[in-house]
Amino acid sequence: MNASVSTCVRDGIAVITLDNPPVNALSAALRAGVKSAVEQAIADPAVQALVLICAGRTFVAGADISEFGKPAQEPSFLDVFDAIEFASKPVIAAIHGTALGGGFELALVCHYRVAASSAKVGLPEVNLGILPGAGGTQRLPRVVGAEKALEIMTSGRLLDAGEALALGLIDKVEQGDLLGSAVAFAREIVGSGAACPRIRDREDRTVADRSDPAIFDAFRRANAHRFRGFKAPEGIVKAVEAAVTLPFEEGMAREAALFEALVSSTESAAQRHLFFAERGTAQVPDVPSATPTIAIETVGVIGAGTMGGGIAMNFLNAGIPVTMVEMTQAALDRGIGIIRRNYEASAAKGRMTQEQVDARMALITPALSIDVLGQADLIIEAVFESMEVKRQVFSQLDRIAKPGSILASNTSFLDLNQIAAATQRPEAVVGLHFFSPANVMRLLEVVRGEHTSAEVIATAMRLARRIGKVPVLSRVCPGFIANRLLAPRGYQADALALEGTPVQAIDQALTDYGFAMGHFQMMDLVGLDVVGRDATSRTVMGDLVAADRLGQKKNGGYYDYDERRQATPSPVAAKIIADVAAATGVEQKPVSDPQLLLERLLLPVVNEGARILEENVALRAGDIDVAAVLGYGWPVFTGGPMFWANTIGIEQVVVGLDQLASEHGDAFRPSPLLVGMAAKGEVF
Ligand code: T1G
């Protein structure tokens, strides 16, 4: 990053411009530039006040995350911040884009803050497994109070300029010329005596909070479930407690110690890994960023079922008109009705206005024939998962769609090359595999067929960002990346249950690891009739369905449920499992050790991930981690299965798999890639 800082003095106001693309991360070089520019301006008799502003698309978006885990470089944040906070002349921060983390902490050491009306501010360090380590945990509570500060820092949410102004974090919001406004503000300050108020000196909020020490334990209790597995939230609570109970400097020392402990933790390394992995998925080595893309201004969605409706909402949210096609009027009305109800539910929660609901609904054109999609730039098929039906739809699309349009399938496991072969333009066919609920889940598997063109891939990867998704490129194979990766976990859970390990123990091992839900709890939520419908041999799920146990929705499933849907172990389900085990001759050898359970459930996932890499189905291990986390809720504080394998040691993984293979057969045999990496001491 080529950081630069320039100063321009106009009529007594020094405008210091920070320029470190792409997001003005406060790298060592930028810190040095800011420090010397501020010191020079302070020493310059012609200067009465300073304005800090950033070039490019945003104010400082935080510390340079790529510097973490490396030896600290001078000047430190505190050196730079002290030069500003203790300046003898007023320093005004002019904020546009996103002032985040160390960027917002920089603004908080300035004496005043002016923000563009579109600006956002926040301290989202918790998303990186750390806490604000440059005074944010000590200054924010002094402005907004302890409770609000806890909510803002543990949620990592961004505040828009209006809320920040209302909370006293911003002194002025500017609709138009930010720099002009900040300079004018500086002049006013100079004109009114050039005071340099420091947030560190404020005590009114901390004194008030000191009289109510219970707020911290109450906050811990209220968020215990949400914070499960994460270390950073507790660090933030402790730091804010210090802000309320200790003098400023001692609070800063406490913050620094808590920060050090977190930044060197595996959890934070895992979350930082995911931060960069998520931003790296769009890089496709043989599809350079200069590859031309196809303009997507109109979209057709075939099938208004659960998936079709959710898929359409992504485009409506991005302001892209959608033509929804169904076979019958009833199905069309039902599908569009669900979309409207989803939006109205969001409006009822204050997440959007009724005008926005109406505007998005107005972008939908209902249709009862594929033939109307002739001019669509992109057509996404979300019909029943049958090869015959899909090939029929694609041969029809081939006849009606304009040259250059993209033909996409939302299939979650069928062979895309076979689907593409139903057309004369396989180069225009791509898989766009959304995860349910499609309007919520951020993962989008972009499936590259044998003939899919580079333009179509480049377009799909870029479009994903436009509709708020993280694209992960997959080659064609059964289950692509996410489904294929997690399938072994399901197999082993089912096998363990048949061998006599109670389903609640298996699920407990997964939730203790950090999954929000265990395997059998998930099956009961989705519905056993939905998951188990394609079974060809006798299975536990088949017998449960036969006993009219469909899961949470009807009569329980692997668990029994009370009226509040609380799950309890089910003697009926346990009997059915034992009967199927007896009938299929499964030897009873229950596993009670949670660690062995976890290895049996998750090491095969790592092994499958390695096979996916060996077969070039995925481009890189980071993509697999992103797919597991965003597609299946793999716990972020582990970094995903491949990063987790690094933390436990590839050699350990190979030993564990060999052990499982000796007990349970060759399916567990570690993949050649893992064996090779263990031998060479390599990591993903
Ligand atoms: N450090 C280094 N690189 C960063 C970065 C950062 N803080 N933020 C973004 N990038 C890179 C990113 O990898 C990508 O690179 C490019 O910039 C564009 O990002 C002391 C310790 C600002 C809202 O957590 O949330 O301050 O892929 O694709 O969608 O208390 O980036 O192009 O090579 O995400 O427009 C706290 C992190 C840090 C904010 C822009 N700050 N960044 O989103 O672009 S910790 C954060 C973001 C800290 C202090 C602590 C977003 C964004 P490349 P992008 P975007």
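At roughly what angle do the axes of helix H19 and helix H20 cross? The legends below take up this question and then turn to other parts of the structure, which is a predicted model.

**View 1. The crossing of helix H19 and helix H20.** In this predicted model, the axes of H19 (residues 482-498) and H20 (residues 503-513) cross at roughly 145 degrees and come within 9 Å. The crossing in which H19 passes H20 is right-handed. On the H19 side the contact is made by Arg-489, Ala-493, Leu-496 and Ala-497, while H20 contributes Val-503, Ile-506 and Leu-510. Sorted by class, six of these residues are nonpolar, one is charged and none is polar.

**View 2. Helix H4 and the helices around its buried residues.** Helix H4 runs over residues 136-144 and is mostly covered, with nine of its nine residues buried. The buried residues include Gly-136, Thr-137 and Gln-138, and among them are also Arg-139 and Arg-142. The buried residues of H4 pack against helix H2 (77-85), helix H3 (102-109), helix H5 (146-155), helix H8 (204-210), helix H10 (232-245) and helix H11 (248-263). After H4 comes Gly-145, which has a positive phi, near 90 degrees.

**View 3. Glu-450 in a loop, and its separation from Arg-205.** Glu-450 is found in the loop that lies between strand S16 (443-448) and helix H18 (454-466). The relative accessible area of Glu-450 is 61%, so this residue is exposed. Along the chain Glu-450 and Arg-205 are 245 residues apart, and their C-alpha atoms are separated by 63 Å.

**View 4. The division of the chain into domains.** The chain is divided into domain 1 (5-263), domain 2 (299-481) and domain 3 (492-584). Between the C-alpha centres of domain 1 and domain 2 the distance is 42 Å.

Technical notes
Residues numbered from 1 in each chain as written. Predicted model: local features only at pLDDT ≥ 70, side-chain atom pairs only at ≥ 80, totals over all residues. Heavy atoms only, no water. Domains from an automatic or database assignment. Axes fitted to C-alpha atoms, helices over the stretch in contact; angles between N-to-C directions. Helix = DSSP H or I, 4+ residues; strand = E, 2+ residues; numbered from the N terminus. Left-handed = near helix turned anticlockwise from the far one by under 90°. Contact = heavy atoms within 4.5 Å. Nonpolar A, V, L, I, M, F, W, Y, C, P; charged D, E, K, R; others polar. Buried < 20%, exposed > 50% of the residue type's maximum accessible area, 1.4 Å probe, protein only.
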